[in-house]
Amino acid sequence: MKSDIILSGVGGQGILSIAAIIGLAAIENDLYLKQAEVHGMSQRGGDVQSHLRLSSKPVHSDLIPYGKADLIISVEPMESLRHLPWLSASGWLVTNSTPFMNIGDYPPVEDILSRIRQLDNHKIVDADEIARQIGSARSGNVVILGAASHYLDLPFESLENALVKLFSKKSPEIAEMNVKALRAGRNA
Amino acid sequence: MQKQLLLGDEAIALGAIDAGLSGMYAYPGTPSTEIMEYIQSSEEAAGRGIHREWSANEKTAMEAALGMSYTGKRAMVAMKHVGLNVAADPFINSSVTGINGGLVVVSADDPSMHSSQNEQDSRFYGKFAFVPVFEPSNQQEAYDMVSDAFDLSEKFRIPVLFRITTRLAHSRSAIKRRPAIPQKSFQLPSDPRQFVLLPAIARKKYHALLATYESLKYDNRLSKYNVFKDGKNRRLGVIACGITYNYLMENFPDKGPGFPVLKITSYPFPKDIISDLTSRCEEVLVLEEGYPIIEEGLRGILDNSLSVYGRLDGAIPREGELNPSIVAKALGIKSEPLFEVPGVVRTRPPSFCKGCGHSDTFLAVIDALKPSGALGVFSDIGCYTLAALPPYSIINSCVDMGASVTMAVGAADGGLRPSVAVIGDSTFTHSGMTGLLDAVIKNSPVTVIISDNSATAMTGGQKSHATGRLERICEGLGVEQEHIRTIVPLRKNHAENVLVMQEEFEYQGVSVIISARECIQTASKRRKAEVSKNLSSEQ
C-alpha cells in the first residue's frame, strides 16, 4: 500500500489537523509515514501545504516527487490547483468550493471551479456550507477530509477513532461534533 | 517502547532529554523553534528539572550552554542558521576552550529561504571552528545521533555541531525511543584555566584543537553514520549528504540504485571512504542540501576534473533546496508529463492578521511621514517585515536582528531626516538595545518605534523578554524620559498617534515610541486557555 497526499489551503484553515488525523489513523494501521509541514512566516494568511506519505514499506523522501501524488485534499479551491504538478495522471483532487479571499486579485470563483472540473478525477464539496448545516461552522476542514476518505486507503473507522482521540483532549462535545462533520463529508 | 510521531525538531529534543540533558538554551527562529518548545512542554523534562527558558538571543543562549557544560553537565543550544552568526563568537571560541559536560549546538538551515534572509550552510561553521558536524538524514537518525553527539563531544572534549534543514526540522515520522540515561553530576573542570583564552593559553589550546581535529578525521573513518554501499554499475557513483540520501533512494523504490552510493551524515570529510567511492567510479555526482562543500573539495582549487558533477556545473541547481525530482533529472531519469499550474492561480503572499497592531502602527507611520516626503523607514525581522508588501510598502530594510536601529543611526549621520527605525519588542531585546545605546551616546537624531505586541509572534508567540520592561530599558540606556512615548495602535487613536510620531520625528535627538498592543494570536490563545481553565475549575 502506498498513498501520497498533498494537503493544501491558507494558513489558519486547519490543514495540519487533517494531517494529524490521517497520521494517527495510519499509525493505528501500522503504516510507515512521513509528513512535511509548513511552519513560520507563510502561516500568516499565505498559501500552505503539507506532504503526507503513507506506505506499508519505509518511506524515503519527506517530499512527494512531482507527478506522484495519489490525492490532493484542499480546504480552498484556488489552492487545490497550485499543487497540480504533484498530482499523478490517475490521482484525485478533492476540494472545498468556498474561496478564501484575502488577496486583491482573487480570480472569479467560477473560473477556478471550471478548471477543476476539467480534471477526470475531481470532487468539489461546499464544506463550509455542510459544516454550517450540522451546526459546526469551524469543522470545514474535517468535512473535506470526510469527502476525501473514499480515496484514502484507510478504514473509515480508523479516521473516526483518530479524530476522537485527538479532539477528546479539548472536549467530548468537540470530538462528537467533528465525527458528525467527518460523516457529513463522506456522504456529500 | 511505543513509537511516537515527531517532527525532526521534536526528535532532537526528545533525543536530548533521553541523553541526560541538563540545560536547553535557544532563541526562537524558524525552522529550529520546536526543539525548545518540545522540551518546554514535556512533562518528563519538567520532572527531570531540565533548564528550558528562552534566551535573549543566540549569543546569550550559546554562552549559557557553555556555562552549563562548565559544570560538567550536558547542554544543548538550538538556533536557526543565521542565529549561528549571532552566536559565532562564543561558538568558535568554545572549540578552543573545549567543553566539560557534553555540548551540542543545533543549527537549522533554511535552503530556499522559506522563512529566512539567506541560505547559508552551517556545515561551513563546523570546518571554521574545527568541530565535528552531524547531519541526520531522517527523524530516527536525528533522535539517535543526539546521544552519540553528546558522547563524541565528551570523548574529544569539544562541542558538536548538529546541522539540520527545514525539511527534516518540520517533517514528522515515527520515532523509536531508547531508555533515558540520568543527567551528569556536578563536576567542575579539572584545569581551572581551561576557559581562560588569554593569548598565551589560547595559542596552546588552538594547537591542541588542530591536533584534535586530525584525530576527529581519523575517528570519522569508522563512523556508523557514513555508509558506503557498492554497486555493480560503476560508471557513476553518488555521494549523498544528509537528507539528500532520501531524495536519491526515492528514485529506486524496488531494487535500489545498483551503483555505488556513499551516504555522508558525519563530518569532517571521511576522506578514506570518499576515495573508496571515487577510485572505483568513472564519474561522481555529489548531492548536498545547501552549499557545494564536498563538491568543491573534490574539485579542488584548479577544478580540472571532468568527472565530478553537482551544483557547480549545473547538474543540480546552484541554489535552493533539493527534492526527488531534481535528483531524478540529474540522474537522467525521465519524468512523465506533468499537470501545469493553471494560469488562474494567483500568488498568495503572507499578510498581517486581521486586526493586527503592527498594521495600525504602520498606517500611522505612513501618515506621519507624509509631510517630510520621506520614502520609508528602516525595519527589522518579525511579522512586521510584511509592511514591505503592498498596501503598506513603507519599510526600506530588513537585514539582521536589530539592524534597523543602527542603520537609522548611520543614515542620520549621512544626513537622512527623519531617520526612523521600526523594530519589534523581542527583536529589540535580542539586538536592538546596544544600537540604541550608540544612538544615545552620540545624541543621534533618530526615532525608534518599538512595535510591541508582547510576544515573539512570527515564530508562534513565544514569551518576549521585553514584556513590561521596555520603558525602563530605554530610560536606563539614557533616552530622555519626555522622548519615550507610549501609544496604543488602534484605528480610533490614529490621528493622535500620527501627531506623537510627527513630534518625535521633528525632535533632533533620540526618541523612542513604544506602540503597544498584544498580538491578536497570542491574545486569543490566552483567552481560550483562560476559558478552559475557568471551565475546569467550575467542574
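Start in chain B of this predicted model by selecting its open sheet of six strands, which runs in the order S2-S3-S4-S6-S5-S11 with mixed pairing. Next, colour strand S2 (21-26) and strand S11 (266-267) of chain B: these two stand at the edges, and because each has a single partner strand, one side of each is left without a neighbour in the sheet.

To see one residue pair, show Met24(B), whose bridge partner in S3(B) is Met76(B).

Now select helix H1 (residues 8-18) of chain B, which packs on the sheet. H1(B) touches S2, S3, strand S4 (103-109) and strand S6 (160-165) of chain B. Looking along S6(B), the direction of the helix makes about 155° with that of the strand.

The next stop is the second largest pocket, which holds about 960 Å³ of space. To find its centre, select Pro65(A), Lys68(A), Glu250(B), Asn251(B) and Pro253(B), which lie nearest to it among the 36 lining residues.

Which elements each supply at least two residues of this lining? Select strand S1 (2-10), strand S3 (47-55) and strand S5 (87-96) of chain A, then helix H14 (324-330) of chain B. H14(B) gives the most, with five residues.

Finally, colour the lining of the second largest pocket by residue class: 17 residues are nonpolar, nine are polar and 10 are charged.

Notes. Residues numbered from 1 in each chain as written. Chains lettered and ligands numbered in written order. Predicted model: local features only at pLDDT ≥ 70, side-chain atom pairs only at ≥ 80, totals over all residues. Heavy atoms only, no water. Pairing = 2+ DSSP bridges. Helix = DSSP H or I, 4+ residues; strand = E, 2+ residues; numbered from the N terminus. Contact = heavy atoms within 4.5 Å. Axes fitted to C-alpha atoms, helices over the stretch in contact; angles between N-to-C directions. 1 Å grid on protein atoms, 1.4 Å probe; cavity = no way out; pocket = protein on both sides within 12 Å on 5 of 7 lines; lining within 4 Å. Points joined across faces, edges and corners; volume = space filled by probe spheres on them. Nonpolar A, V, L, I, M, F, W, Y, C, P; charged D, E, K, R; others polar.
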